[in-house]
Amino acid sequence: MPTPAATYDYDAALRACARGEQQALQALYQQESRYLLGVALRIVRQRALAEDVLHDAFLSIWRRAGSFDATRGSGKGWIYVVVRHQALNVARARAHEISADEDTVENLLHERQDDEPADAYALQANMGKLHDCLGHLDESKRNCILYAYVDGCSHSEIAKRVASPLGTVKAWVKRGLASLRECMG
Amino acid sequence: MNTPLNDEELQALAGEYVLGTLPLAERAQVEQRLPNDAALRAAVDAWEQRLLPLTALAPPQDPSPQLWPRIASTLFTPKAIKQAGGWQAWWNSLAFWRILAGGGLATAAALAVTVTMQLQAPGGPGYLVVLVAPQDKAPGWIVQASNKNSRDLSLIPLGPTSVPQQKSLQFWTKGKDWGAPVSLGLVQPGQTLKLKLDKLPPMQAEQLFEITLEPETGSPTGRPTGPILYIGRAVKVM
């Protein structure tokens, strides 16, 4: 049974992994795998591939736990960073391979659009300052950021989703990020 | 990339790296620079922290029960035991599946060769074919020709194939210079089929194999008439 996230000590779990304690990795898996798989699945969009991402990410977590540095961020954050970048690398590598096949991309995007509300996501108030700062962005910039971060969309995939030129989308992403940084500090 | 960036450029690069919008090559460059570039690392760390709450927007997904055992076996099983697995060992190989799912047939075949080469017992060359669905390249079946005699052939399912009522699966092959495919008979979904190809020329590299959907008793014309469900070409393995 997973521990409530508030009381689970992610930093201690990573230190135990660094010491070679296998049960610590298993406990971390029990604690967090369903959330991590959710993150990976949104980005790579295929369940088998998302499980592969999680498999490889847990290998990295185990092998790199010793390099976790609590002064650079939380242990929980570090784990999500490993999983997200693993998923993004797979997504970007796949995009290379299927780029010749525009139909595939088209189909994927349409599939996704069908179950997507117009304004990308219901923002959650528990996101703290990020919630407020995203709220200050205009909708197009906010959606660019969300499509990229949560769904792993490339610039051109976002351009298709929001039916806007690629150059415009690139500018929205850039300005959206700059505004977020200004707002959040 | 190697010229020093001003702060604004550094922030933009770090931001897009964390956001995920950098193309693969630029992602790789950032990851290469990170260990030695403290300013970039600090900018990336700050972006990770800013955007991290967005991970909560992805709905949780329960992993399949096999995932943890797979991770544990990769990490904690001694190598000698794992490599004794033969077939099973390589089709449990992640890289193999990843490339099949994401890439073209050629890559899959090349990788299959590499993996199989590492694991096969000595005994001369054999052949291997990965049959994938033409639309999404999802792997469905594997054809293995034995090492000693490439006329002994096994068609092995990787999963269930659903067949509509009053239809059946038919297995075909066609060598490079053959005029038309030759039927290798009907296939039961989800079941291994073992064949002897004594009436055909020995197997060749690039030889085509496919499974088509045909009437219940097989193609009435002796040639494929229905849609191709799975297709692949033979590669030589040592």
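Trainee: Where in chain B is the place of B:Glu206?

Mentor: In this predicted model, B:Glu206 sits in the loop between strand E6 (193-196) and strand E7 (208-215) of chain B.

Trainee: Why is B:Glu206 called exposed?

Mentor: B:Glu206 has 11 other C-beta atoms within 10 Å. A residue with 12 or fewer is exposed, and therefore B:Glu206 is exposed.

Trainee: What sets the phi of B:Glu206 apart?

Mentor: Phi of B:Glu206 is near 75 degrees, which is positive, and the residue is not a glycine. Most residues other than glycine have a negative phi.

Trainee: Which phi does A:Arg45 have, and where does A:Arg45 lie?

Mentor: A:Arg45 has a positive phi of about 65 degrees, again without being a glycine. A:Arg45 belongs to the loop between H2 and H3 of chain A.

Trainee: What makes A:Arg45 partly exposed?

Mentor: The count for A:Arg45 is 17 other C-beta atoms within 10 Å. Exposed needs 12 or fewer and buried needs 20 or more, so A:Arg45 falls in between and is partly exposed.

Trainee: How do you know whether B:Thr225 is buried, exposed or partly exposed?

Mentor: B:Thr225 has 14 other C-beta atoms within 10 Å. That value lies between the cut-offs of 12 and 20, so B:Thr225 is partly exposed. B:Thr225 is in the loop between E7 and strand E8 (228-233) of chain B. Leaving aside neighbours within four places in sequence, B:Thr225 contacts B:Glu214 and B:Ser219. The C-alpha atoms of B:Thr225 and B:Pro215 are separated by 9.0 Å, and these two residues are ten residues apart along the chain.

Trainee: How many residues does each chain give to the contact between chain A and chain B?

Mentor: Chain B gives 42 residues and chain A gives 51. On the side of chain B, H4(B) supplies the largest share, seven residues. The residues on that side divide into 22 nonpolar, twelve polar and eight charged.

Trainee: Which residues of the largest nonpolar core touch the most other members?

Mentor: This core has 62 residues, and those touching the most other members are A:Ala40, A:Val44, A:Val53, A:Leu54, A:Val83, A:Ala87 and A:Ala148. H1 and H3 of chain B are among the helices that each supply at least two residues of this core. H2(A) gives the most, eleven residues.

Trainee: What does A:Ala148 touch, not counting residues up to four places away in sequence?

Mentor: A:Ala148 touches A:Cys153, A:Ile158 and A:Val173, along with B:Leu19, B:Gly20 and B:Thr21.

Note on methods:
Residues are numbered from 1 along each chain as its sequence is written. Chains are lettered from A and ligands numbered from 1 in the order in which they are written. This is a predicted model: local features need pLDDT of at least 70, side-chain atom pairs count only at pLDDT 80 or more; totals for chains, interfaces and linings use all residues. Two residues are in contact if their C-beta atoms, placed from the backbone, lie within 7 Å. Helices (H or I, at least four residues) and strands (E, at least two) are DSSP runs, numbered from the N terminus. Ala, Val, Leu, Ile, Met, Phe, Trp, Tyr, Cys and Pro count as nonpolar, Asp, Glu, Lys and Arg as charged, and the others, Gly among them, as polar. A nonpolar core is a set of buried Ala, Val, Leu, Ile, Met, Phe, Trp, Tyr and Cys residues joined through C-beta atoms within 7 Å.
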